[in-house]
4 protein chains.
Amino acid sequence: MKKINILIYTEDVLKDAALRGNELTPKAYPNGLHAGIAGAFDSEKYNVRAAGIDNIRETITPEILADTDVLFWWGHCHHHEVPDDIAELVVREVNKGMGFVALHSAHIAKPFLRLIGTSGSLSWRLNDSEIVWTAAPYHPIAAGIPTHFKLPNEEIYSEPFDIPAPEDTVFIGWFSQGMVFRSGVTYRRGYGKVFYFQPGHEEYPIYYDETIRQILSNAAGWAAPQARRDNLNCPNVEPVV
Amino acid sequence: MKKINILIYTEDVLKDAALRGNELTPKAYPNGLHAGIAGAFDSEKYNVRAAGIDNIRETITPEILADTDVLFWWGHCHHHEVPDDIAELVVREVNKGMGFVALHSAHIAKPFLRLIGTSGSLSWRLNDSEIVWTAAPYHPIAAGIPTHFKLPNEEIYSEPFDIPAPEDTVFIGWFSQGMVFRSGVTYRRGYGKVFYFQPGHEEYPIYYDETIRQILSNAAGWAAPQARRDNLNCPNVEPVV
Amino acid sequence: MKKINILIYTEDVLKDAALRGNELTPKAYPNGLHAGIAGAFDSEKYNVRAAGIDNIRETITPEILADTDVLFWWGHCHHHEVPDDIAELVVREVNKGMGFVALHSAHIAKPFLRLIGTSGSLSWRLNDSEIVWTAAPYHPIAAGIPTHFKLPNEEIYSEPFDIPAPEDTVFIGWFSQGMVFRSGVTYRRGYGKVFYFQPGHEEYPIYYDETIRQILSNAAGWAAPQARRDNLNCPNVEPVV
Amino acid sequence: MKKINILIYTEDVLKDAALRGNELTPKAYPNGLHAGIAGAFDSEKYNVRAAGIDNIRETITPEILADTDVLFWWGHCHHHEVPDDIAELVVREVNKGMGFVALHSAHIAKPFLRLIGTSGSLSWRLNDSEIVWTAAPYHPIAAGIPTHFKLPNEEIYSEPFDIPAPEDTVFIGWFSQGMVFRSGVTYRRGYGKVFYFQPGHEEYPIYYDETIRQILSNAAGWAAPQARRDNLNCPNVEPVV
């Protein structure tokens with residue numbers, strides 16, 4: 001069975017944490033965010049590569065994307081540093097079939113906004129506990145996931161969340177301070193599948209949680225393309241009758 | 001401006017409460033549920049009529065439905081007493097253009113199930129407080145409704161809620177015991193608009209809440225048909241070329 | 001690899017043709033409609049069983065449906081003879097996970113109407129040639145299907161087609177007399193996937209066409225459930241916090 | 001009653017036709033495309049302003065968009081000259097509530113692509129006759145429009161059309177050379193409504209057709225915002241419990 005090629009885009013959260021004197025992030029991700037997310041993918045089934053804001057021109061190229069089945073995107077403080085042409089490149093590769101998973105604060109990442117066409121606006125607040133509910137137990141992304149599970153620490157994301165009506169609302173989050181959020185939503189854009197997944201604030205080791213890892217792995221399996229097309233040009237059509 | 005014709009179907013919750021010795025319901029709705037719901041509709045803008053399970057053959061007829069803009073449906077203990085032919089009649093009138101608003105435990109009312117095509121299954125639990133969030137502030141049903149509002153007492157309804165992907169998810173509910181629920185969802189079925197709205201357990205005076213009443217009134221305005229068709233038969237079509 | 005269990009419901013079109021003196025149908029389907037449809041399914045991958053209106057109580061039972069992955073439904077003159085309880089049984093099994101494929105005039109079959117919640121109304125006319133276009137080349141049902149293909153003889157089905165907005169519009173049909181029709185549309189209802197496919201008028205050997213057979217086989221693979229649930233009851237939920 | 005503010009963006013098709021020696025366009029639109037489109041809007045109900053590629057920095061500004069209810073966009077040869085920041089400005093104003101109607105070859109206009117998130121790819125061919133079918137007679141955009149109407153000359157646009165699943169498929173086009181196309185589709189993006197409408201090749205006087213003009217007028221009434229929001233920032237949220 002052919003392995004699924006995963007590309008994980010992250011920011012260097014350890015560098016940013018050091019600049020701000022934040023002590024939680026290095027405790028949560030001592031080896032950086034990439035390592036935490038990459039751990040979700042069994043090396044028997046997945047090839048994992050890394051991309052980042054600091055070397056984005058080398059790590060996100062047309063050739064690499066053409067060889068990527070699913071691109072995971074975690075961005076937060078550096079959204080505006082992503083070059084417009086790379087955001088466009090990602091969108092068109094999704095249209096050709098590449099899967100795209102936007103993680104946490106990627107709700108306003110450039111390629112995600114261009115895929116959904118809305119502002120991605122939401123309300124937020126620091127640290128709370130979250131209960132994630134599986135609203136779509138029939139969905140492949142929810143395979144093996146319990147009806148609900150808890151995250152002891154997570155940033156609050158709250159409705160209203162400015163997104164188009166999802167194809168499926170897979171997860172909905174509950175926060176103890178009274179908020180709710182559509183935590184997992186899916187879209188199709190051309191040949192490509194898109195999944196947004198809310199958990200993943202960098203100050204807590206969310207991506208080491210086994211249920212979260214199962215969801216990421218499921219999402220990769222679901223979003224990996226069954227078919228891919230070469231180009232997006234508008235061809236001429238011959239008369240049929 | 002032509003008035004909107006509202007028909008409100010309810011069960012006789014006072015009779016059922018008396019049979020069970022329930023004291024909360026008569027306190028919440030001393031004049032019955034119909035009176036509580038009907039109070040949402042300004043008589044300058046709406047004509048309101050009543051239908052009920054005890055006289056359903058007289059109160060839900062083809063003639064009455066043809067003259068109804070929006071049918072509100074509140075049922076709980078007597079779903080199975082609704083004759084199949086009346087459920088069918090309601091569905092076909094919705095297809096012709098009549099609006100339909102399913103309230104609270106009408107998530108498994110016969111006409112609602114036939115309109116959505118799923119089981120309407122959900123999880124539930126008695127009495128909690130609820131916070132209702134407006135997930136679709138752009139929607140006409142949410143006009144004038146705050147970002148969130150509280151209901152001090154409501155029955156818990158919880159995900160997973162077995163419904164088709166909604167056209168719009170207008171409201172999402174939060175319960176203090178840890179549950180979430182898509183509390184307001186919309187569909188189109190033929191010429192008719194459909195809205196499901198979760199608040200409305202009969203032991204608490206939910207329908208006397210001013211925000212709830214505004215939502216019911218908004219829903220009536222939204223679901224009232226702009227166009228209606230006469231029949232649903234499959235006509236013959238003449239050659240066009 | 002586990003075989004996919006197919007159940008094909010058909011009417012006895014040879015008997016009906018004989019009653020009316022129709023000579024086209026026995027020429028198109030000398031062994032009956034079931035044989036024509038069943039030929040689409042490679043016996044290495046599929047187990048195929050037959051159901052029919054004349055023995056519907058024996059061929060569509062809770063036990064058989066629980067053991068069916070995908071139910072194909074071809075009905076025309078006998079829609080009203082299908083017992084309501086069997087239509088209901090089919091709908092609830094779809095909600096549990098069984099796939100359902102409605103063929104041709106099943107656009108107004110009882111179980112299909114209860115799944116979609118609209119009237120299924122369309123316009124029609126006898127015999128024309130059709131060109132079927134693949135509008136969703138990314139969809140598993142369209143795998144290996146060309147951008148367009150021709151059917152030399154088919155009944156005309158024309159818009160407006162009274163259906164809910166489809167999850168995907170996989171095929172759109174063109175008729176030489178000037179009509180268009182959404183010929184292949186998909187829905188999800190609970191755990192189950194639903195596909196409506198227009199070609200299949202009984203007077204022409206549509207189901208012997210290799211492209212049509214590929215579509216039926218693709219549809220079976222797509223609609224076969226990955227997960228199935230046991231019941232549709234509304235369970236109680238325990239406090240989470 | 002407050003008038004609806006329409007802004008119509010067009011290219012200077014007369015200038016482009018002169019450069020190429022095209023004689024059809026000046027015959028179809030002797031006063032330019034703007035005049036043809038603007039004629040659809042009754043001055044009692046609409047204020048109409050013009051925007052264009054040659055003076056886009058003066059005619060599409062934040063202030064003008066904030067005062068626009070519905071922006072109609074006709075572009076063809078000059079898509080790439082539209083500055084990225086203006087495409088972004090349009091998208092965010094749609095998210096705030098402004099309606100957006102993409103006409104004909106605007107299927108690949110920058111703001112439209114950013115709203116839908118797909119490539120907008122389609123197949124095409126010069127000059128044919130088209131029959132436009134009303135697939136969603138219930139929709140406000142179809143009010144008063146017949147079940148089908150003919151355009152004696154139009155460019156062929158053909159499926160597959162790379163768009164997300166529409167909220168409503170209002171029109172489907174038939175071409176005599178054998179093609180079909182989803183000619184009218186709707187989306188919601190934030191507070192704003194989006195409509196794509198295929199007819200409008202500049203060599204034929206499509207926008208002088210009375211049925212086409214009724215559709216444009218209907219679309220303006222449908223897409224004009226009922227509510228508008230000020231900003232798209234992610235606000236902080238206070239604890240609710």
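Because the model is predicted, local features require pLDDT of at least 70 and side-chain atom pairs count only at pLDDT 80 or more, whereas totals for chains, interfaces and linings use all residues. Residues are numbered from 1 along each chain as its sequence is written, chains are lettered from A and ligands numbered from 1 in the order in which they are written, and side-chain values use heavy atoms, with hydrogens and water left out.

**Exercise 1. Determine what rotation and what shift superpose chain A on chain D, and which C-alpha of chain A is nearest the axis.**

Solution. Two copies of a chain are related by a rotation about an axis and a shift along it. Superposing by least squares on the C-alpha atoms of residues with pLDDT of at least 70 in both copies, one finds that a rotation of 180° with 0.0 Å of shift along its axis brings chain A onto chain D, with an RMSD of 0.0 Å. The two copies are therefore related as by a two-fold rotation axis. In chain A, the C-alpha nearest this axis belongs to Arg114(A), 2.6 Å away from it.

**Exercise 2. Describe the contact between chain A and chain D: how many residues take part, and what area is buried?**

Solution. With contact defined as heavy atoms within 4.5 Å, chain A contributes 42 residues and chain D contributes 42 residues. Of the interface residues of chain A, 100% are also interface residues in chain D, so the copies meet through the same surface. Buried area, the accessible area (1.4 Å probe) that two parts lose on being put together, summed over both, comes to about 3100 Å² for chain A and chain D, with 48% of it on carbon and sulfur atoms.

**Exercise 3. Work out which polar interactions join chain A and chain D, and which elements of chain A supply the surface.**

Solution. Taking a salt bridge as a side-chain nitrogen of Lys or Arg within 4 Å of a carboxyl oxygen of Asp or Glu, the count between chain A and chain D is 4 salt bridges. One of the salt bridges pairs the side chains of Asp162(D) and Arg229(A), at 2.6 Å from N to O. A polar contact is a pair of N or O atoms within 3.5 Å, where within protein one must be able to donate a hydrogen and the other to accept it, and residues adjacent in sequence count only if both atoms are side-chain atoms; by this rule 30 residue pairs are in polar contact across the interface of chain A and chain D, both residues being at pLDDT 80 or more. Among the elements of chain A that give two or more residues to the side touching chain D are helix H6 (84-96), helix H7 (110-116) and strand E5 (123-134), where helices (H or I, at least four residues) and strands (E, at least two) are DSSP runs numbered from the N terminus. H7(A) gives the most to this side, with 4 residues.

**Exercise 4. Carry out the analysis for chain C and chain B.**

Solution. Arg114(C) comes closest to the rotation axis among the residues of chain C, its C-alpha lying at 2.6 Å. In the contact, 42 residues of chain C meet 41 residues of chain B, and the two chains bury about 3100 Å² between them.
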